[in-house]
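Subject: Structure handover

Dear colleague,

I am passing on a structure that you have not worked with before, and the notes below it set out what was found. Please look through the structure first and then read on.

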Amino acid sequence: ENIDSSSEVSTFLQNAGIILGTETASKGIRDDLVGIDLSKFTPFLHRYAFHHRGTDQGRTALSIIEKLSARRVPFSFRDHKKNCATINDNIGNGRNVISHEEKILPSRVVTEVMEVMDVIKERQWLSTNPDSVDGLPSLHLNLITDGSPLFAQESTPSQSTLQSDNVTFEDCIVKMTSLLKPHLNDKLLKRVRQLTNSS
């Protein structure tokens, strides 16, 4: 990649996550005390390592990724009261909460959701859009988009509908949404609001 001017150099470095003199922690940049915005630098390293695979540059990038990964510390919920901890961000605000919540979904619901997923996988309805990291098929699906269900829920498909040859992708999404929504809204969302003191 050719870079011809100082402004282009600055732009390239900023896109790669290198924090320049005009960028400070006061702007909320997570630099982990090493002068690098890891939220940008880590994806950049992955792309660089893939682009330069099989070369010394690619191996160096992989080595840096290995060192960054080794810095991760597993979080132990047992060390904190009520399985919850408030984590300070890099500018001193305790706004991030880690909490271990058990039994949000009953076993019955998990089983039913997995049965619907089996139908979706069998019919190859998972998204094949390229993943943003490795470029391979993402194999994902969305139940909620922009805060609303992907499909309007007029009625919930029956089990016989899901097992028929005429089942549609919409049937599957509506069924999964109807199974998950009450538990996520009534249990998980309520708990999140409690933890974050938010309405």
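How many helices and how many strands does the secondary structure of the protein chain come to? It comes to six helices and four strands, where helices (H or I, at least four residues) and strands (E, at least two) are DSSP runs numbered from the N terminus. Read along the sequence, these elements follow the pattern α-α-α-β-β-α-β-β-α-α.

Please keep in mind that this is a predicted model, in which local features need pLDDT of at least 70 and side-chain atom pairs count only at pLDDT 80 or more, while totals for chains, interfaces and linings use all residues. Residues are numbered from 1 along each chain as its sequence is written, and side-chain values use heavy atoms, with hydrogens and water left out.

Of the 199 residues of the protein chain, 22% count as buried, which here means under 20% relative accessible area, with exposed over 50% and partly exposed in between (1.4 Å probe, protein chains only).

Two helix pairs deserve a description. Helix α4 (residues 107–122) and helix α6 (residues 169–196) pack at an angle of about 160 degrees, with their axes 10 Å apart; the axes are lines fitted to C-alpha atoms, for helices over the stretch in contact, and angles run from 0 to 180 degrees between N-to-C directions. That angle makes α4 roughly antiparallel to α6, a term used for angles over 145 degrees. In this pair, V109, E112, V113, V116, M117, V119 and I120 of α4 meet C172, K175, M176, L179, L180 and H183 of α6, contact being heavy atoms within 4.5 Å. By class, the contact of α4 with α6 has 10 nonpolar, one polar and two charged residues, with Ala, Val, Leu, Ile, Met, Phe, Trp, Tyr, Cys and Pro counted as nonpolar, Asp, Glu, Lys and Arg as charged, and the others, Gly among them, as polar.

Helix α2 (residues 38–51) and helix α3 (residues 56–70) pack at an angle of about 140 degrees, with their axes 8 Å apart. The contact of α2 with α3 has 10 nonpolar, four polar and no charged residues.

Finally, R191 lies in helix α6 and counts as partly exposed because its relative accessibility is 24%. R191 touches S99 and E101, not counting residues up to four places away in sequence; R191 and S99 are 92 residues apart in sequence and 9.6 Å apart in space, C-alpha to C-alpha.

How values were computed: Parallel < 35°, antiparallel > 145°, perpendicular 65-115°, else oblique.
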